[in-house]
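Please look at the sequence and the 3D structure below before reading on.

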Amino acid sequence: MTIESITPVLPSQEELAELAAEVWGSFLDDEIVVGLDAPDDSDQTMMVAWVSITGEWTGHLQVLTTPAGAQCIASAMFQMDAAEISPEEVADAFGEIANMVGGGVKGMVGVHTALSLPQVVLDSRALISPEAHQHSTVHAVWRGEPLQFALWERGPKTEWHNNAVGGM
Amino acid sequence: MYAIVIDDSSAMRMILRRTLSSMGFKVVDAVNGRDALDKLANLDYVPDVALIDWNMPEMDGLTFVQTVRDDPRYRRLALLMVTTESEQSQIVRALAAGAHEYLIKPFTPDAVAEKLEILGLMTAGSLS
């Protein structure tokens with residue numbers, strides 16, 4: 001008897017964008033504008049929220065935006081004026097966004113995995129893992145603030161990715 | 001009608017509280033399964049429904065479900081998992097543990113209403 005292993009299927013850029021758009025539509029009652037290119041944000045401080053997916057496939061789903069973008073997200077989710085939102089509430093709301101997009105990725109991968117609790121830091125240079133590489137990235141804009149959704153895969157690049165859909 | 005929302009995210013608790021309040025529910029919330037057990041023990045009523053996240057620190061949603069399923073005091077408490085865990089195997093696991101219904105995040109208010117209707121806790125079209 002042979003045991004067939006199940007191959008992980010990672011979401012394409014288009015599927016990653018759809019996951020993000022679904023979160024925005026459901027909880028922020030709004031649409032994100034997906035862009036073709038990475039914005040020139042080298043001078044901007046970016047907040048990063050991520051969840052790790054571990055198990056038969058290991059990777060990370062990372063969401064980046066400016067502190068103002070994260071504050072907008074929290075303001076929309078809490079339905080409160082941005083000035084009334086605490087830094088803890090900003091981190092909570094932004095982390096929950098990463099949690100929902102990451103949960104969607106986990107559901108698509110198709111192998112047994114576990115989802116971590118979200119983590120948030122005010123430093124986009126915080127490298128998730130030196131052993132990870134980016135599988136797919138979606139750049140978007142919401143209320144004038146840049147957004148980035150990046151799927152990282154731990155380990156060397158492999159051939160099992162669903163890269164059939166491109167163009168973003 | 002009474003509900004308890006169990007989620008470690010304050011943003012998610014706020015969203016669910018808002019959604020349930022618009023349907024006429026009185027809502028208490030808890031930050032994890034352990035906190036929910038403490039809150040339930042101190043209430044002078046048993047809520048009609050618990051909306052339960054899966055991944056939480058201290059006590060996760062699945063452990064909470066297993067715990068209250070074994071407690072006769074909460075026999076009439078409907079258990080609705082509300083989680084990002086979307087795989088079929090996880091849904092089966094939660095239902096086998098005692099959850100009555102399962103809702104995947106992100107969700108809309110209509111999806112919450114639909115699940116509450118299935119649980120017999122509200123009638124169609126009562127979302128204000």
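## Model and numbering

This is a predicted model, in which local features need pLDDT of at least 70, side-chain atom pairs count only at pLDDT 80 or more, and totals for chains, interfaces and linings use all residues. Residues are numbered from 1 along each chain as its sequence is written, while chains are lettered from A and ligands numbered from 1 in the order in which they are written.

## Chain A overall

Chain A contains three helices and seven strands. Helices (H or I, at least four residues) and strands (E, at least two) are DSSP runs, numbered from the N terminus. Along the sequence of chain A their order is α-β-β-β-α-α-β-β-β-β.

Chain A has 168 residues, of which 43% are buried. A residue is buried if 20 or more other C-beta atoms, placed from the backbone, lie within 10 Å of its own; it is exposed if 12 or fewer do, and partly exposed in between. Of the contacts in chain A with a separation of 6 or more, 69% join residues 24 or more positions apart. Two residues are in contact if their C-beta atoms, placed from the backbone, lie within 7 Å.

## Strand pairs in chain A

Two strands pair if DSSP finds at least two bridges between them. Strand β7(A), residues 145–154, runs antiparallel to β3(A), residues 59–65, and seven bridges join them. In this pair Gln62(A) is opposite Ala150(A).

Strand β6(A), residues 132–142, also pairs with β7(A), in the antiparallel sense over ten bridges. Here Ser136(A) faces Leu151(A) across the pair. The hairpin of β6(A) and β7(A) has two residues between the strands, and Arg143(A) has a positive phi near 50°.

## Strands in chain B

In β1(B), residues 2–6, four of the five residues are buried. This strand pairs in the parallel sense with β2(B), residues 26–30, over five bridges, with Ala3(B) and Val27(B) as bridge partners. From β1(B) the chain passes through helix α1(B), residues 10–22, to β2(B) in a right-handed β-α-β crossover. Right-handed means that, with the strands pointing away from the viewer, the path from the first strand over the helix to the second runs clockwise.

β1(B) also pairs with β3(B), residues 49–52, in the parallel sense over four bridges. Val5(B) has Leu51(B) as its bridge partner there.

Which elements of chain A give two or more residues to the side that touches chain B? The contact takes 18 residues from chain A and 16 residues from chain B. On the side of chain A, the elements in question are α1 (13–28), α2 (67–78) and α3 (87–109). The largest share, nine residues, comes from α3(A).
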